[in-house]
Amino acid sequence: MLRYEINGIVQGVGFRPFIYNLALRLKLQGYVLNSTDGVEIELEGSSEALHNFEIFLYQELPPAAKIETMVKFHLPNIGYKNFEIRQSLSKEGSTFISPDLAVCDDCIREMFDEKDERFNYPFINCTNCGPRYSIIEKTPYDRPVTSMKSFEMCPYCSDEYKDPANRRFHAQPIACETCGPHLIFLDQNLNEIIGDPIENCLKFLRDGRIVGIKGIGGFHLACDATNDEAVKELRKRKQRPDKPFAVMCSEDNFKHIVELDSSNLELLRSTAAPIVLLPKKKHNYLSDQVAPLNPNLGVFLPYAPPHHQIFQQPNLYLIMTSGNLNDEPIAKDENELPGICDYFLTHNRPILNRNDDSVIRPSKNKNIFLRRSRGFVPSPLKLPFKTLPTLGTGAELKISFALSKENSIWLSPYIGNNNSKETEDFFAETLIKFQDWFKIKPELIACDLQPDFMTTRFAEKLDLPLVKVQHHHAHIAAVMAENLLDEQVIGISYDGTGYGTDGAIWGGEIITCDYQNFERKFHLKYMPLPGGDSAIKHPVRIAYSYLKIANENPDFLKGISETEKRIISKQIEHNFNVFQTSSMGRLFDCISSMLGLYPNITFEAQSAMALEFLCDNESLENVPSYPYKIEDGIIDFIPLIKAVAEDIKQGIENIIIAGKFHKTVIDFTVKAVEKVQKETGLSKVVLSGGVMQNNVLLEELTKELEKKHFTVFTPSQLPSNDGAISAGQVMIANRVYELNN
Ligand code: ZN
Ligand code: ZN
Ligand code: FE
């Protein structure tokens, strides 16, 4: 007899019926069973059949399944008579919830097959696909505890559900026209519009109207991406003047709007069906308003069956942006979007758990998460050491909490991007669910050092041991954790904002750390940030302030009023309402504004991104670096600012200056890291922080460090932005707490 213990993504993805059918085919006896943290299989049969089993197991694995470890035991035969799927062992604290899965090819084929029982049925799904996380109320995952509970299975569905050989065996959301949910089309007053919902939806989209489309984890706001007026109207209603929108289109149409290679296509087609950021085609059909002045475009494939019905229409490009007002949690009901949509394409299967689309940018060697949510949440990540049941609350932007237990950590979906009441409510309600589902009762809490964050106040209210974690230490720890590192490293956190232990705003930090301690080795020179956070929305004020400190004449700056200049000068002079910052994000803002790019911004990192977009990896090749000073733990970039001002005076092109600037940042970073290595002997370098979302910086810095024989670790399973802060907090809190108790 052979016994297998398999770990990985093997539950809720059609793995057991697959094994069942394979065993029947090979005439093997035994059983398959979902166990604590994977799947258990016992097999008896001819040695040839047993041999073939392992080959076919890998060859024919269900698309959403992933085997991480497989342990095999040779045991004496028991004498199994048949092969069966056994009742799951439900041990305390062992629950797995699959992420939502994009509709599979088999189901799409059936949906468009006139002879099929589920022809044109927009809630078709099977064990390989369909909603999971977003429809779960309680665990263990079973139809009566999902939002399918009010739909009683018809005999046809029920037969399939009970048949181990059927690909809908135990598919909890199984449904058909007779017994399942239905689409409905509503006007803005939520009155039904009679007719085919999909046809109505298409008609009004073609007319340039904004339709709220209920999807898997929430509503999308949809409009025709080729219609300027429609896109402008959407921007107005969503209060989002410039931030890029994502576009959904059918696979055939990608080639008209973005540059695509086979690995990107694989990512787009994956069961998570994320938004993928790709280089925009110069000439495309889309409105310039979709992603203004941005060389990239976020695209994704239809992933819910109604999307596929909509995209049967040829040459259709739709903006599909999260249904919310700027930065609020995504809407799950049509009445949460008052005044934004003209119409709604909605349905009667409730969304129990909101989940925004995930966003990924392919990079040279790996994919970079900009947002990890639908399709990935709530899969846990493995940790390098055992933790107490711990909650990390995160920071203020891109909020996502983390809960850990033993060697696993669960990150919440993307919650929101601000301190609002709605964000806090969504945070609290999701936390309660996660604790219940994954049987985690936190014994330890971790939060940011910044006292004003909603997440910090939330943590303080819980009557449990609390560890406050420095923001950039958390950034580095998160990347260490996903790379399973547990040792001293050199960490580079290039970021926008993070509360420092001295009360200053940090963000250009080179540290040495393990999970317990960190030591600040180098940081960008402190500069005055006039008016604090308000300056972040007006980067030109930062440029003005930095130029003053550099003793350069700031008169060439565009987009700043005389009043602003007067106020800032006074603030600096009297050191009033001025914050000291070592932020790398602010240095990017400063240089960007000096080049006249974005004196004022409407979304985070807009000006820094504009600076990145001026160059590519090649533009760094043959340019010199600007001067800087690096001593006593401080990277002094005053000489850099002076030299940039001089270049501007000389009429040097912006693209050259942007290239030289990036080159300089890489240069002084490598120098500083070399100095740290000389002192400490450390050679593993971890990169993180929001600024590391800059692809040119990330790739070139990695390359230069590797040239100097450093081993470089970058984020790949979690974002480098504040979406991963909670994970880092959990790790650090555990080691700090352990030390003190
Ligand atoms: Zn399917
Ligand atoms: Zn049915
Ligand atoms: Fe950060």
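Helix H12 (residues 471-482) and helix H21 (residues 725-740) meet in this predicted model through a set of residues on each side. From H12 come His471, His473, Ala474, His475, Ala477, Ala478 and Ala481, and from H21 come Ile725, Ala727, Gly728, Gln729, Met731 and Ile732; contact here means heavy atoms within 4.5 Å. By class, the contact of H12 with H21 holds eight nonpolar, five polar and no charged residues. In this scheme Ala, Val, Leu, Ile, Met, Phe, Trp, Tyr, Cys and Pro count as nonpolar, Asp, Glu, Lys and Arg as charged, and the others, Gly among them, as polar. Helices (H or I, at least four residues) and strands (E, at least two) are DSSP runs, numbered from the N terminus.

Two packed helices are described by the angle between their axes and the distance between the axes. The axes of H12 and H21 come within 7 Å and cross at roughly 90°, where axes are lines fitted to C-alpha atoms, for helices over the stretch in contact, and angles run from 0 to 180 degrees between N-to-C directions. H12 and H21 are therefore roughly perpendicular to each other, given that angles under 35 degrees count as roughly parallel, over 145 as roughly antiparallel, 65 to 115 as roughly perpendicular and the rest as oblique.

Donors are N, O and S atoms within 2.8 Å of the metal (3.2 Å for Na, K and Ca); water is not among the atoms, so sites may look incomplete. Four donors count as tetrahedral if all angles lie between 85 and 135 degrees; four count as square planar and six as octahedral if opposite donors are over 155 degrees apart and all others between 65 and 115; anything else is irregular. His471 is buried, with a relative accessible area of 2%, and Asp495 is buried at 4%. Buried means under 20% relative accessible area, exposed over 50%, partly exposed in between (1.4 Å probe, protein chains only).

Two zinc sites complete the metal inventory described here. The zinc ion (ligand 1) has the SG atoms of Cys104, Cys107, Cys126 and Cys129 as protein donors, lying 2.3 Å from it, and its site is tetrahedral, with angles of 105 to 115°. Cys107 lies in helix H3 and Cys126 in the loop between H3 and H4, so the pair ties together parts that are 19 residues apart in sequence. Both of these cysteines, Cys107 and Cys126, are buried.

The zinc ion (ligand 2) is coordinated by the SG atoms of Cys154, Cys157, Cys176 and Cys179, at 2.2 to 2.3 Å. Angles of 100 to 116° among the four donor atoms make this site tetrahedral, and the donor spacing is C-x2-C-x18-C-x2-C.

Residues are numbered from 1 along each chain as its sequence is written, while chains are lettered from A and ligands numbered from 1 in the order in which they are written. Local features need pLDDT of at least 70, side-chain atom pairs count only at pLDDT 80 or more, and totals for chains, interfaces and linings use all residues, with side-chain values using heavy atoms and leaving out hydrogens and water.
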